[in-house]
Amino acid sequence: MEKLNPREINTTALAFLGDAVYEIYARKYVMDSGQQNADRLHKAAIKYVCAAGQAKAVKSLMADFLSEEVGLIKRARNRKTASKARSADAVTYKLATAFEALMGFLYLDGQSQRLEEVVLEALKRIEE
């Protein structure tokens, strides 16, 4: 598989991948509770993967991000997009998309340790 350079990929494409990467971490996080009923697991995961949860995480972590990460988040947040949020206001949706873009960037850049640090802290902040 060809190695992609995440610095050359637009933020919308990074968010596309980051959404899936983050979802796996969030699902594993709720499964760690010991729950095994798929319907209950799905309901438990919603607060972590919804736009409001992701926006809360990115806002509360902003001071903890590295300068390159902040730049990417701002670029993704400010990118014009034709897609509209179904269940969130425009600002919340853009922040959530920026968070997902960061997840995609860290994943593609091979920064697995940093990715896990950010994800675990985000999940904790959403839970608060």
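**Figure 1. Accessible surface of the chain in this predicted model.** About 7900 Å² of the chain is accessible surface, and carbon and sulfur atoms own 54% of that. As for what's tucked away, buried residues make up 38% of the 128 residues.

**Figure 2. Charged side chains.** Count them up and you get 20 positive and 17 negative side chains. The centres of the two sets sit 6 Å apart.

**Figure 3. The overall fold, helix by helix.** The chain has six helices and zero strands, so following the definition of these elements as DSSP runs, the pattern along the sequence reads α-α-α-α-α-α. Looking at contacts with a separation of 6 or more, 73% of them join residues 24 or more positions apart.

Figure 4. Helix H5 runs over residues 90–108 and includes Phe105. Phe105 has a relative accessibility of 5%, so it counts as buried, the cut-off being under 20%.

Figure 5. Leaving aside residues up to four places away in sequence, Phe105 touches Pro6, Arg7, Leu14, Glu68, Leu72 and Gln111. Then there's Gln36: Phe105 and Gln36 are 69 residues apart along the chain, and 31 Å separates their C-alpha atoms.

Methods:
Residues are numbered from 1 along each chain as its sequence is written. This is a predicted model: local features need pLDDT of at least 70, side-chain atom pairs count only at pLDDT 80 or more; totals for chains, interfaces and linings use all residues. Side-chain values use heavy atoms; hydrogens and water are left out. Helices (H or I, at least four residues) and strands (E, at least two) are DSSP runs, numbered from the N terminus. Buried means under 20% relative accessible area, exposed over 50%, partly exposed in between (1.4 Å probe, protein chains only). Contact means heavy atoms within 4.5 Å. Accessible areas come from the Shrake-Rupley method with a 1.4 Å probe; for residues, only the protein chains shown count as cover. Lys and Arg count as positive and Asp and Glu as negative; His and the chain ends are not counted. The place of a charge is taken as NZ of Lys, CZ of Arg, CG of Asp or CD of Glu.
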